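Trainee: I would like to learn how to read the packing of a helix and the surroundings of a ligand, one feature at a time. Could we begin with the structure in view?

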Amino acid sequence: MSDVRHNWTKEEILEIYNRPLIDLIYQSASVHRENHDPTEVQVSTLISIKTGGCPEDCGYCPQAARYSTGIEGNDLMSVNQVKAQALRARESGSSRICMGAAWRNVKEGKDFDQVVEMVETLNKLDVEVCCTLGMLTENQAKRLSNAGLYAYNHNLDSSEDYYKEVISTRAYDDRLKTIDNVRKTNVTVCSGGIIGMGESAEDRAGMLLSLSTMVPHPESTPINALVPVEGTPLEEQETTSVWDMIRMVATTRIVLPKTMVRLSAGRTEMSKEGQAMCFLAGAGSIFAGDKLLTTPNPDINEDMKLFEILGLKPRKPYKKGDKPKIIKEEVPLSERKDLKWTRPKHKIERNIKASKKHRAD
Ligand code: SAM
Ligand code: DTB
Ligand code: SF4
């Protein structure tokens, strides 16, 4: 059995990433088979419960208010709207629903109460419930946990060094702190990142180093290829090479052997054969449905055709019998000190340029 290690070095990870592709895939496929059922893929559906208008300056994100991306912003959806979308997703074969909000961090009040109610409602539908709401305090994580949340998605997005080239309104350490807060509850951690933002192979290895030194490892790691959206600072990035995506999936699989590796954003630019290589290399999950949060995703029928060709089947929810129970308990509001998140405010020229262009439009 491949060992679960928390002491990887960046050099070791980079060496794996740079192996001849044919060897790399053989090794990662072997690790995948030792630790997972290779015929099973966990299918998740994203619901953008609160779209656009975000105060952050993430250089990749179409939902940042400061860039002109033409995204139609929405207030928080109602519990019933979310329930209806979740039922449709379950009907089409999803075992997990991930609710995304364009927030910097969770603020206590009416909107958060409503999200807690959404979590409870979806838990009762027997789907795995995930959400991604930005930074989170320990008490907020506890409330979500008590409502029956299964997973919290909070990406590191890149290496600690390259993060500073992409985002200036929040710090890497706050991302790590949020993941720690989630870890204090029974909620599982989903954390990964994006490739194709102009980072080097060292940065990709650096991100995997941050994830692999977490104890325990995240239960799930999404690997996104940047979707370059017009108006964002990264609009001109070239499409990520499918070979890079396969390398990244394979390296993640080897370094985090028990983790579920998610082949996430960027699939519309990938051929069926390219995606097949990612499944072979160790991807065990996809986001399904014709939209991610705001950008297009392959048609579900096309995904199901590919599953049939490859002999893959969607994984059932709560396979390990680990459905979280809903716990009725008063959780105190977060303390002021827990609500303080860093604002580094270093300058990122391309982010400033994209914001100025938006103001001039
Ligand atoms: N606002 C919350 C946060 O940033 O944590 C949650 C929502 S945010 C949209 C979730 C993740 O989507 C980001 O961390 C990033 O990895 C991914 N993402 C956003 N825009 C993307 C893009 N254009 N291409 C690929 N991934 C993207
Ligand atoms: C993740 O790593 N990828 C998903 C999910 N977690 C929330 C989001 C991808 C978003 C792609 C850009 C968009 O559709 O807005
Ligand atoms: Fe906001 Fe999240 Fe987009 Fe950053 S990635 S701008 S925090 S929605």
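Mentor: Two residues are in contact if their C-beta atoms, placed from the backbone, lie within 7 Å, and helices (H or I, at least four residues) and strands (E, at least two) are DSSP runs, numbered from the N terminus. This is a predicted model, in which local features need pLDDT of at least 70 and side-chain atom pairs count only at pLDDT 80 or more, while totals for chains, interfaces and linings use all residues. Residues are numbered from 1 along each chain as its sequence is written, and chains are lettered from A and ligands numbered from 1 in the order in which they are written.

Trainee: Which elements do the buried residues of α5 pack against?

Mentor: A residue is buried if 20 or more other C-beta atoms lie within 10 Å of its own, exposed if 12 or fewer, and partly exposed in between. In α5 (residues 138-146), seven of the nine residues are buried, and these pack against α4 (110-123), β3 (128-132), β4 (151-153) and α7 (172-183). Among the buried residues of α5 are Lys-142, Arg-143 and Leu-144, and the helix is followed by Gly-148, whose phi is positive, near 100°.

Trainee: How is the angle between α9 and α10 to be read?

Mentor: Axes are lines fitted to C-alpha atoms, for helices over the stretch in contact, and angles run from 0 to 180 degrees between N-to-C directions; those under 35 degrees count as roughly parallel, over 145 as roughly antiparallel, 65 to 115 as roughly perpendicular and the rest as oblique. Helix α9 (residues 242-255) and helix α10 (residues 272-281) pack at about 15°, with their axes 9 Å apart, and α9 and α10 are therefore roughly parallel to each other. The contact is made by residues including Val-242, Met-245 and Val-249 of α9, with Gly-274 and Met-277 among those of α10.

Trainee: Which residues are around ligand 3?

Mentor: A residue is near a molecule if its C-beta atom, placed from the backbone, lies within 6 Å of it. Around ligand 3 are Cys-54, Glu-56, Cys-58, Cys-61, Gln-63, Ala-64, Ala-102, Arg-104 and Gly-134.

Trainee: Where is Gly-134 found, and is Gly-134 buried or exposed?

Mentor: Gly-134 lies in the loop between β3 and α5, and Gly-134 is buried, with 20 other C-beta atoms within 10 Å. Not counting residues up to four places away in sequence, Gly-134 touches Trp-103, Arg-104, Asn-105 and Val-106.
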